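Colleague: I have a few questions about how some of the labels on this model were reached. Could you take me through them one at a time?

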Amino acid sequence: MASILDPVSPPISPSRLQSRAYQELKRLIVSGEFPPGTFLSERQLAQQLSMSKTPVHVALERLEAEGFVTISAQQGIVVRGMSLDDILDHYELREALESWVVRRLAGKLSAEQCQALETNLAGQHQALAENDLRQLILLDEQMHFLLCSYLNNREIIATMERLRDKVHQVILRVTDTDRTRPLESTNEHVAIIQAVIAGDGDRAAQLMIDHLEAGKHRILNPERFAR
């Protein structure tokens, strides 16, 4: 019989369970561990996450609203890939936003900001040398977010935060399409940052557009770049 002095862990609130289920399921989808087309079962997911079906159900409904899964009576729960329209919309938004950002930033970065970007680029080169694609993808995302954060525009930061998971999915998909792309992409990052630091806004903007267009073309025409 347990003593009244024995510590008793308080029960986890339903909202915390739902949040945990949502974060973990989204991680599995965005990371590619649950690739597009994967059929999901609430019961099996609940067992995997060591929780009841209720928080899993709520998490899946939220993921459906965000476009990560589809739920239907006929097919059940299926991981949703990015459609052609999704990809085009994603790139159009990023090209408009990020090219404007680098043009505005050109020649205006502080020494600390320049150092952070150069440290990021050094990390990308190290990840390439070690063939650590997971780390390279994280640094790729970080570089784009760093640039957008340096304008201190809350709306731009909020937009990039909203796109964060899509950015990850897109980079992962581009990498899977063409294994030579990571090296090319890293070299393009170097050129963009050099143009920003040098104060050449027009060149930085064009390089950013070219960089994003290269990724888009690899997703839309994978047969041309499969190697």
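Modeller: Gladly, and let's start with the largest cavity: α8 gives the most to its lining, with five residues. Please keep in mind that this is a predicted model.

Colleague: Which other helices share in the lining of the largest cavity?

Modeller: α4 (84–105), α6, α7, α8 (181–198) and α9 (201–220) each supply at least two residues. The lining comes to 19 residues, and D140, I171, V174, S185 and H211 are the ones nearest the centre of the cavity.

Colleague: What makes this space a cavity, and what is its volume?

Modeller: A space is called a cavity because a 1.4 Å probe fits there but cannot get out. The volume of the largest cavity is about 220 Å³. When the whole structure is searched, one cavity of 30 Å³ or more is found.

Colleague: Why use a probe at all?

Modeller: Rolling a probe the size of a water molecule over the atoms shows where empty space is left.

Colleague: And what about the largest pocket: how much space lies in it?

Modeller: About 400 Å³. It has 18 lining residues, with R27, V30, S31, L138 and H168 closest to the centre. A pocket, unlike a cavity, is an open set of points, so the word differs for that reason.

Colleague: Which helix supplies the largest share of the pocket lining?

Modeller: That is α7, with six residues. α1 (14–30), α6 (133–149) and α7 (154–177) each contribute at least two residues to the lining of the largest pocket.

Colleague: Let's turn to single residues. Why is A204 called buried?

Modeller: Buried means under 20% relative accessible area. A204 has 0% relative accessibility, so it counts as buried. This residue lies in helix α9.

Colleague: Which residues is A204 in contact with, leaving aside neighbours within four places in sequence?

Modeller: V102, I192, A195 and V196. To be called a contact, a pair needs heavy atoms within 4.5 Å. As for N153, it is 51 residues from A204 in sequence, and the two C-alpha atoms are 19 Å apart in space.

Colleague: L163 has a relative accessible area of 6%, so is it called buried or exposed?

Modeller: Buried, because 6% falls under the 20% cut-off. L163 lies in helix α7, and it touches H90, L93 and R94 once residues up to four places away in sequence are set aside. The C-alpha atoms of L163 and L93 are separated by 9.8 Å, although the two residues are 70 apart along the chain.

Colleague: Why is N221 put in the partly exposed class?

Modeller: The relative accessibility of N221 is 24%. Exposed needs over 50% and buried needs under 20%, so 24% belongs in between and N221 counts as partly exposed. Its place is in the loop between α9 and α10 (222–225). Between the C-alpha atoms of N221 and T177 there are 9.1 Å, with 44 residues separating the two along the chain.

Colleague: What makes S50 stand out for its phi?

Modeller: Most residues other than glycine have a negative phi. The phi of S50 is near 55°, which is positive, and S50 is not a glycine. S50 lies in the loop between α2 (42–49) and α3 (53–65).

Colleague: How do you know that S50 is exposed?

Modeller: Exposed means over 50%. S50 has a relative accessible area of 65%, so the label is exposed.

Colleague: What is the phi of N131, and where does that residue lie?

Modeller: N131 also has a positive phi, of about 55°, although it is not a glycine. The residue lies in the loop between α5 (111–129) and α6. Its relative accessibility is 60%, so N131 counts as exposed.

Colleague: To finish, what share of the whole protein counts as buried?

Modeller: Of the 227 residues, 44% do. The protein exposes about 12700 Å², and carbon and sulfur atoms supply 52% of that area.

Colleague: And how many helices and strands does the secondary structure come to?

Modeller: There are 10 helices and three strands. Along the sequence they follow the pattern α-β-α-α-β-β-α-α-α-α-α-α-α.

Conventions:
Residues are numbered from 1 along each chain as its sequence is written. This is a predicted model: local features need pLDDT of at least 70, side-chain atom pairs count only at pLDDT 80 or more; totals for chains, interfaces and linings use all residues. Side-chain values use heavy atoms; hydrogens and water are left out. Helices (H or I, at least four residues) and strands (E, at least two) are DSSP runs, numbered from the N terminus. Buried means under 20% relative accessible area, exposed over 50%, partly exposed in between (1.4 Å probe, protein chains only). Accessible areas come from the Shrake-Rupley method with a 1.4 Å probe; for residues, only the protein chains shown count as cover. On a 1 Å grid over the protein atoms alone, a cavity is a set of points where a 1.4 Å probe fits but cannot get out, and a pocket is an open set with protein on both sides within 12 Å along at least five of seven lines; lining residues have an atom within 4 Å of a point. Grid points are joined across faces, edges and corners, and a volume is the space filled by probe spheres set on the points.
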